[in-house]
Amino acid sequence: MTYLAKAALVFAVLGLAACTNGDRFGKLGGGYGANGANGAYGANGYGANGITSGGLNDPTSPAYFQQTVGDRVHFIVDQSSLNPEARQILDGQIRWLNANPDFNATIEGHADEQGTREYNLALGARRAAAVKDYLVAGGVRPNRLQTISYGKERPIALCSDESCYAQNRRAVTVLRAPGM
Amino acid sequence: MRHVQRLTLLAGALAALGTLFAGPGPALAQSGPLKLTITEGVVEPMPFAAPTFVAENGQSADMANKLTRVVVSDLVGTGLFREIPQSAQIAKITSFTSPVQYADWKAINAAALITGAVTVQGNQLNVKFRLHDVFAGQELGQGMQFNGTTDGWRRMAHKVADQVYARITGEKPYFDSRVVFVSETGPKDKRLKRLAIMDYDGANTQYLTDSSSLVLAPRFSPSGNRVLFTSYATGSPRIYMLDVGSVSLREISTGAGDMAFSPRFSPDGNSILYSLTQGGNTDIYLMNLGSGTSQRLTSASSIETGPSFSPDGSKIVFESDRSGTQQLYIMPVSGGEPQRISFGEGRYSTPVWSPRGDMIAFTKQTKGRFHIGVMRTDGSGERLLTASFLDESPTWSPNGRVVMFSRETPGASGTASLYSVDVTGRNLQRVPTPTGASDPSWGPLQK
């Protein structure tokens, strides 16, 4: 085929992709600070920071959940087990979620960059599932909780040493607005 | 493909050119003293001369020049050949049909000589070439010509270089091939990723998706007409198939599961291997693309991912952390107990079976460093080809002689680039890309 034809075809692909996914984009990004291209799914920090409803002093607000209860737990290298500190934070999440039954949540699992891409995707999923399992064991209905893994694709700390890696090995519980 | 419409021996020209040509015969099989056997012992590149191909008319001069340079670049890029620059050449080739004065090329120690001619008429391009064994004073194989359109000129140059490479080394070639990869822009925490396709040498990059969704790890089909990849287009990782020819894009329906990723085609292109995650557990599945039915190949509570078929389609190699760390395992596609093949110190991942069937390329992490390595399929003969802060995603050249991979630099400003390295560990080269680049998948030699 000629290059001209190929260029036109590439456009066709893009158009198709946009049509197929347009709806989902709007929904997922809506309300919680769509993060723009590639991060549009409430990936960790940006999504969380986008929530503005309510105040820190309002214990029913997402802001309170994020900052006072704590929206994330951390893991040691290659592990998905929950340490005592993580359990304490998750116990707070359980109390909050049980007290605010209109909110659902997506648990985002992440890995640091010291691993291959696909393994880290699976590892992030394992971490998100560990958090979900703990929340469910604490009485949160499983159908309120979704999980997603970003692997090593969305670090929040960018240096390449343990101080950053420790922050990136995380699972973040991102609230979804009532009804979403 | 209309770029290179035909590939013909210069049989018609034989009679007219008389003694210049040896008699008709197989183009590749002719044995002669000009022979480069690719082993680990090859450290001294073979010197060759490629005087600018003869421009057969006025409008061909520019084309002849740039086409010759691509041929030279392909050959020199292997690390197996060394060009004797035109400034050191004492003879000029002004006619493709005149007998070569071998003494002129012996005098500058050129072991091989490539002569060629280029004709541009409108958008039509004709390229002829001959390969000469200078010290034997004769041609190696027959002259060949390629006809096509001018926009396919780089492919024609690659085809000439492929012929030269194949005739001299006895190996299958790989220059006329493409690589699909992930183009990366933006900072590390908000990186934008798009699928892109390019010639094996980094030329002619075209983008296959926009950057609205995170995309990962594209994989070429064996025939090069389709690409599997993982995308977050619906919010969570799912597998998509892009048909490069008809340009249709569809999601592969993998059924229940939180995410599907790590797809790879079977050698016949009719099935795919992939990983499916359910409740935090990741296992490997096999799907028939025709029927859409899936079969679970592993069922362990550990992570099983990165599956790759053996070239005969009978086995798969994959990574698993069932032992506590990532290691490589082989199992029959028909089922059975996986056999661990990696036993060295460190973690092994991203196994890819060589197209020759004899080796497996992998990523290895040990002592805080990443390596691309190869081992035999029984795990013996492990050889690390690279070392850096972060190397991963190896992919084989179509002939199994070269491994391309992605390398990321450390720190907040870290970026990813593509590199290639010979399977012997020599000739590490960066593959130029217009943006950051990761997750290469090397397609087949084009027809």
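Reply: Strands are DSSP runs of E, at least two residues long, and they are numbered from the N terminus. Please note that this is a predicted model.

Me: Which strand of chain B holds B:Asp283?

Reply: A strand is named by its place in the count from the N terminus. Residue 283 belongs to the run 281-288 of chain B, and this run is strand β18.

Me: Is B:Asp283 buried or exposed?

Reply: A residue counts as buried under 20% relative accessible area and as exposed over 50%. The relative accessible area of B:Asp283 is 1%, and therefore B:Asp283 is buried.

Me: Which residue has a side chain joined to that of B:Asp283 by a polar contact?

Reply: Beyond its neighbours within four places in sequence, B:Asp283 is in contact with several residues, including B:Tyr274, B:Thr298 and B:Arg296. A polar contact of 2.7 Å links the side chain of B:Asp283 to that of B:Arg296.

Me: What area do chain A and chain B bury between them?

Reply: The size of an interface is often given as the accessible area lost when the parts come together. Here 44 residues of chain A are in contact with 66 residues of chain B. Carbon and sulfur atoms account for 55% of the buried area, which is about 4800 Å².

Me: Which residue of chain A meets B:Arg347 in a salt bridge?

Reply: Between chain A and chain B there are 8 salt bridges. In one of them, the N to O distance is 3.1 Å, and the side chain of B:Arg347 meets that of A:Asp78.

Terms used: Residues numbered from 1 in each chain as written. Chains lettered and ligands numbered in written order. Predicted model: local features only at pLDDT ≥ 70, side-chain atom pairs only at ≥ 80, totals over all residues. Heavy atoms only, no water. Contact = heavy atoms within 4.5 Å. Buried area = accessible area lost by both parts, 1.4 Å probe. Salt bridge = Lys/Arg side-chain N within 4 Å of Asp/Glu carboxyl O. Helix = DSSP H or I, 4+ residues; strand = E, 2+ residues; numbered from the N terminus. Buried < 20%, exposed > 50% of the residue type's maximum accessible area, 1.4 Å probe, protein only. Polar contact = N/O pair within 3.5 Å; in protein donor to acceptor, adjacent residues only side chain to side chain.
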